[in-house]
Amino acid sequence: MYDVIIIGGGPAGLASGLACWKAGLKKVLIVERDQELGGILNQCVHSGFGVGIFKEELTGPEFAQKFIDELRETDVEVMLNSMVLSLNEDKSVEVIGPDGYKKLQAKAVILAMGCRERTRGAISIPGSRPAGVFTAGLAQKYLNMDGYLVGKRVVILGSGDIGLIMARRMTLEGAKVLACVELMPYSGGLPRNIQQCLKDFDIPLYLNHTVVDIKGKDRVEQVVVAEVDKNRRPIEGTEIVYDCDTLLLSVGLLPENELTKQANIKLDPRTKGAIVFENMETSVEGIFACGNVLHVHDLADNVAKEAEKAGEAAAEYIRGNSRSDKVVEIHNGNGVSYTVPQHIHYPATNNIDVLFRVNKVFGKSVIEVVDAKENLIAKFKREFIVPGEMEKIVLPKVLLDKAEGDITIMAKEVV
């Protein structure tokens with residue numbers, strides 16, 4: 001019997017495992033399907049990690065190694081090359097690995113499986129099906145871990161952070177990135193990546209554009225891009241033809257929630273991840289979720305902070321510390337795509353961190369929090385908000401105690 005089984009050994013799994021140990025749990029297991037810990041961090045050789053957690057700028061592997069080194073000083077168990085086959089509501093976990101099949105039992109489970117990329121099939125790009133179409137993350141793995149440059153003349157569809165980072169990486173390795181095209185009227189990546197990965201290398205970004213055709217028999221030969229109207233339909237006569245050998249897709253990430261569904265955990269259609277309380281507990285008692293399996297983050301430091309919260313909460317659960325049965329729901333109002341958490345126990349025991357994303361670009365604006373009777377609970381000023389950057393507000397307990405009914409969070413531009 002384990003105190004906690006953590007599924008996934010990336011930044012969320014590592015941080016939550018350490019948090020469980022520091023909170024006094026002695027039987028902690030991390031199950032990782034890869035041959036080493038670190039998850040996606042191992043292929044992220046660029047800098048920009050660690051400022052929030054370690055107060056220094058690190059590469060992805062360095063960031064992971066900090067946690068791994070600390071983990072080695074504990075008795076946390078690790079199972080590598082091991083795939084979780086099933087997760088049940090009773091917190092039993094079926095695993096297959098180098099030692100064969102095992103059925104393990106835990107008092108609590110933390111989901112830290114991360115996310116996966118959307119592929120060409122998910123967005124239905126027309127055209128032939130030649131070699132040379134890759135997701136940006138796969139191209140990153142080939143280049144940074146296997147030493148294989150996937151193409152020399154490249155078009156990137158989508159402006160998520162991985163695509164932006166790969167625009168720079170491919171350029172540095174000698175490829176020519178012809179353009180980055182984005183269906184939406186705004187980029188899906190961090191503003192710093194737009195500057196450092198596109199503008200600094202004179203790579204054009206075309207908003208309100210998409211790929212309408214891929215041409216080529218054995219290998220990509222041309223990619224056709226067109227402008228789209230307000231309904232995201234291609235505008236005839238705006239086509240641009242690029243002679244290229246590679247198309248990289250950076251069109252979104254999806255939480256890896258097959259195991260979550262198996263355990264009958266309720267999912268949020270907005271995030272595609274689990275619905276959680278302020279302590280990261282899902283709708284199934286004793287099962288917690290954190291990191292990109294819960295909602296897609298833009299910074300690994302934020303993943304680690306959220307995972308630490310999940311680890312501490314799992315320890316509290318095992319100790320039998322109960323929470324109020326009264327639940328308040330957090331809704332997303334105008335300008336807000338989703339919130340995490342979606343529910344909070346009431347009355348709140350502490351200040352509540354709420355993470356969310358907006359659904360358009362805002363200039364000078366305010367974030368308002370109102371209760372069910374439209375009483376203003378809190379207001380937060382912002383100079384600039386973009387969908388590619390996750391926002392955080394802290395709701396003080398003293399203000400939450402005054403709320404009547406559910407809570408709604410909205411964003412408004414200041415005229």
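## Strand pairing around E20

Strand E20 (residues 327-332) pairs in the antiparallel sense with strand E22 (residues 343-345) over three bridges, where strands are DSSP runs of E with at least two residues, numbered from the N terminus, and two strands pair if DSSP finds at least two bridges between them. Within this pairing, Glu329 has His343 in E22 as its bridge partner.

E20 also pairs with strand E27 (residues 407-413), here in the parallel sense and over three bridges. In E27, Thr408 is the residue that stands opposite His331.

## Basis of the model

This is a predicted model, in which local features need pLDDT of at least 70 and side-chain atom pairs count only at pLDDT 80 or more, while totals for chains, interfaces and linings use all residues. Residues are numbered from 1 along each chain as its sequence is written, and side-chain values use heavy atoms, with hydrogens and water left out.

## Packing of H1 and H3

Helix H1 (residues 11-22) packs with helix H3 (residues 60-72) at an angle of about 30°, the axes being 10 Å apart; helices are DSSP runs of H or I with at least four residues, and axes are lines fitted to C-alpha atoms over the stretch in contact, with angles running from 0 to 180 degrees between N-to-C directions. H1 is therefore roughly parallel to H3, a term for angles under 35 degrees.

Pro11, Leu14, Ala15, Leu18 and Lys22 in H1 meet Phe63, Ala64, Phe67, Ile68, Glu70 and Leu71 in H3, contact meaning heavy atoms within 4.5 Å.

Asp3 and Lys107 join their side chains in a salt bridge, at 3.2 Å from N to O, the rule being a side-chain nitrogen of Lys or Arg within 4 Å of a carboxyl oxygen of Asp or Glu. Because Asp3 lies in strand E1 (residues 2-7) and Lys107 in strand E8 (residues 100-111), the pair ties together parts that are 104 residues apart in sequence.

Key: Angles under 35 degrees count as roughly parallel, over 145 as roughly antiparallel, 65 to 115 as roughly perpendicular and the rest as oblique.
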